[in-house]
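Subject: Structure handover

Hello,

Here is the structure I said I would pass on. My notes follow below it.

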Amino acid sequence: MATFDFLLQGLWVAAQPMNLLYALIGVTLGTAVGVLPGIGPALTVALLLPVTYQLDPAGSLIMFAGIYYGGMYGGSTTSILLNTPGESASIVTALEGNKMARAGRGGPALATAAIGSFVAGLIATLGLAFIAPYIVKLALVFGPREYFALMVLAFVTVSSAFGDSTLRGLTALFVGLALSVVGIDQLTGQARLSFGVPELLDGIEVTTLAVAMFAIGETLFIAAQGAKGPDKVEAVRGSIWMSKLDWARSWKPWLRGTFIGFPIGAMPAGGAEIGTFLSYAAEKRLTKHPEEFGNGAIEGVAGPEAANNASAAGTLVPLLTLGLPTTATAAIMLAGFQQYGLQPGPLLFATNPQLVWGLIASLLIANFMLLVLNLPLIGLWVKLLTIPKPWLYAGILLFATLGTIGANPSVYELGMLLAFGLLGYAMRVFGYPIAPVVVGLILGPLAEQQLRRALAISQGDVSVLFTSPIAAVLLVVAAAALIIPLILRARGRGEVLSQLAANED
Amino acid sequence: MKHFFLASILAGAMALPAYAADYTIIAPANPGGGWDQTARSLQTVLQQEGISGNVQVQNVPGAGGTIGLAQFASQQKGNPNALIVGGYVMVGAILTNKSPVTLKDVTPIARLTGEFEAIVVPAASEIKTMADLVAALKKDPGAVSWAGGSAGGTDHIAVGLIAKAAGVDPTKINYIAYSGGGEALAAILGSQVTAGISGYGEFEAQVKAGTLRLIAVSSGERLAGIDAPTLKESGLDVVVENWRMVAAAPGLTDEQKAAVSADVEKLAKSAGWQEVLKTKGWQDSYLSGDAFAAQLDKDVSATEGVLKDIGLVK
């Protein structure tokens, strides 16, 4: 087992005290920058990459892995505590995580996110090491029509998972879809709905919309209630650690999230968000505590957080085996690898085994350091919630604005942040769910482009959409997910279903 | 608690532009892309070689670089310490987006790097040569699907030029635009499309591993170390180079422009920059002064012509 030797060797190098220190510094820096809303892992890595150039190759690779995982994790902390998703992959985390935090269960929420990320990262990194070549073959089978079928499935499962009223959920989803057509059409290069404003040509930034809807909308909502706001935030209730019950309810979502997130992350057009949506929908359907969904169900944090981290490792599959950077973060990592003389591609595992296994060992170590850094800090993080409300929300406004401006210094971006904040406020007042808007913005362009690509390749023949076996299976599953609840309802079991669909934000 | 805020503020400060820099380079794209990588390489080498003490990179993404360009032209006017990275893609984007700010509104300093286009097919494809591909294109242009980068970009323009040179109506080409090289490459490897077109660097590893067949490159002469004919050898009079350049702010005095040009020349000739070109696989296409200005004019009018032919610019 030469591969195993390389891995052990890599681990041994990475476990040197100096290298452990680099890993810790990397994770700390990554988390610190990653917590800023609007600054996702891509920008975090881009900003901090030059720091690693000063070290020897082993040290810099390790610090780099730390920054990457730290940046990924930083986003979930603010999602849970402040309802301010740092990046699109942690939007779903905010749904249940923030409810938990407000009920005094921020500690367990952060813990299940951290441990879930660790578990998922561990399994997915091992998956990367041993089954990457097979996964990548599967991913290549996915052409435009298969992606389109996957998007249809995602739409069906996701729209039924959010909110208690299908009509309201769909309305919110269509608001998101409408926003998603703004900007240059990818396939023809023509501008749509940009009204001559150049800043709109690239469409609406997902993180801007998410930060505005969640953070700004929430702040306005709280401010509008004034002093009589009913939801008194309790910083800590019970232990800040996970109870036995929390563990029992978390471990399955961690595993399910990992197995949903990893293959989707490995697909060239997958993306981390879709894994988190599907994981959330799956957990909501499988839970034994449906009444808690929307009010802080730990499964709703554990699953998506695991999916998010697993897909981060999944992204490395096409990157290392094909040299395909499928996300912005991966593109920056590619630039980083080149710095170490690592040329990702199909020959990498054969020509450069030491570096590859060194990197995988570094990822494992970074993952471990993330846990070491974050678990003890949970006590400190949850104290954030004890800040008096006016200060806390003023702080959220400040960081939301700072993050957005930092990522994209433009007056229009700030204007959009405020406008969508008002939209988020209005939707809250009238009881419309927020998450489907963001989901629509993310999935809309993907579905549209893949459909049009499939039809362009077939020169307009619609039947191609159903004739691939994978696409057909996905579409049948989607149809079943849509029709079965209708049949159940028709047979008088609608009460059970409406109970299942607990209300949420 | 205190540490959190301190760390966040520190991090925030890093994300915002710093004003105490010798040079501020605008990368008019998101982190990770070609322009961003060029800007960050410039930053590293300028500091390494002691040409500039402090260099900041700022990303202003959007619309093929035209947002960054517009912001640069208006905000940095007369500032000799501001640079912007750009390239051939910007020429097309200015035309398709009808950008009010063009390359005439900044001070182009020098072309730095270049990359030629490569045309590939999956290894299992029946198409063996460029002649086969041209024959298929002539038979039914719609049946040949091309995967490449964004609509109106270098790849799209190259396909338009190839069709035109082959005597095929350029408006009939079936070009499937993908954002970023990764997705396009996956579509070609998965045999979802007939052929793929992009910078050679995107395909290099696959070509070497034998999973893609390289059937032509878009350079004027054969490239060293690359075993493929040029388009010209295949009977198509097409040469396309996706170049990247650096420009300074508008409204500089001649002395200021000369100083920036001297710094850029020092950079282009430095060992550090040559090393960067080698590791990134970029061609050295350094061209400055009037020669560059003339080439730029030529590129702009040629691009305008082909975009009209494809039907992207009316």
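**Chain A**

Chain A contains 20 helices and two strands. Please keep in mind that this is a predicted model. Chain A has 505 residues, and 61% of them count as buried. Of its contacts with a separation of 6 or more, 80% are between residues 24 or more positions apart.

Helix α2 of chain A covers residues 17–34, which is 18 residues. From first C-alpha to last, α2(A) reaches 25 Å, close to the 26 Å expected at 1.5 Å a residue. Because 13 of its 18 residues are buried, α2(A) is largely enclosed by the rest of the structure. Helix α11 of chain A, residues 272–286, has 15 residues and reaches 21 Å, close to the expected 21 Å. Here too the helix is mostly covered, with 13 of the 15 residues of α11(A) buried.

**Strand β4 of chain B**

In chain B I followed strand β4, residues 107–122. Which strands does β4(B) pair with? The partners I can list are these:

- β9(B), residues 241–248, runs antiparallel to β4(B) and is joined to it by eight bridges. Thr107(B) stands opposite Ala248(B) in this pairing.
- β10(B), residues 283–288, pairs with β4(B) in the antiparallel sense over four bridges. Arg111(B) has Leu287(B) as its bridge partner there.
- β8(B), residues 212–217, is also antiparallel to β4(B), with five bridges. Ala118(B) is bridged to Val217(B).
- β7(B), residues 195–199, is antiparallel to β4(B) over four bridges. Val120(B) stands opposite Gly196(B).

β4(B) is mostly covered, with 15 of its 16 residues buried.

**Domains of chain B**

The contact between them takes 15 residues from domain 1 of chain B and 14 residues from domain 2 of chain B. On the domain 1 side, the elements that give two or more residues are α4 (88–96) and α11 (289–310) of chain B. The residues of that side divide into seven nonpolar, seven polar and one charged.

**Confidence**

How far does the predictor trust each part, and where is its confidence lowest? For chain A the mean pLDDT is 78, and 81% of the residues reach 70 or more. Within chain A, helix α14 (residues 348–351) has the lowest confidence, at a mean of 67, and helix α17 (residues 411–429) the highest, at 91. The pLDDT is below 50 over residues 499–505 of chain A, a stretch with 20 contacts in the model beyond near neighbours in sequence.

Chain B has a mean pLDDT of 82, with 91% of its residues at 70 or more. Where pLDDT is low, the predicted coordinates should not be read in detail.

For the complex, the predictor gives an ipTM of 0.74 and a pTM of 0.76.

Regards

How values were computed:
Residues are numbered from 1 along each chain as its sequence is written. Chains are lettered from A and ligands numbered from 1 in the order in which they are written. This is a predicted model: local features need pLDDT of at least 70, side-chain atom pairs count only at pLDDT 80 or more; totals for chains, interfaces and linings use all residues. The expected span of a helix is 1.5 Å times one less than its number of residues. A residue is buried if 20 or more other C-beta atoms lie within 10 Å of its own, exposed if 12 or fewer, and partly exposed in between; C-beta atoms are placed from the backbone. Two residues are in contact if their C-beta atoms, placed from the backbone, lie within 7 Å. Ala, Val, Leu, Ile, Met, Phe, Trp, Tyr, Cys and Pro count as nonpolar, Asp, Glu, Lys and Arg as charged, and the others, Gly among them, as polar. pLDDT is the predictor's confidence in each residue, from 0 to 100. Two strands pair if DSSP finds at least two bridges between them.
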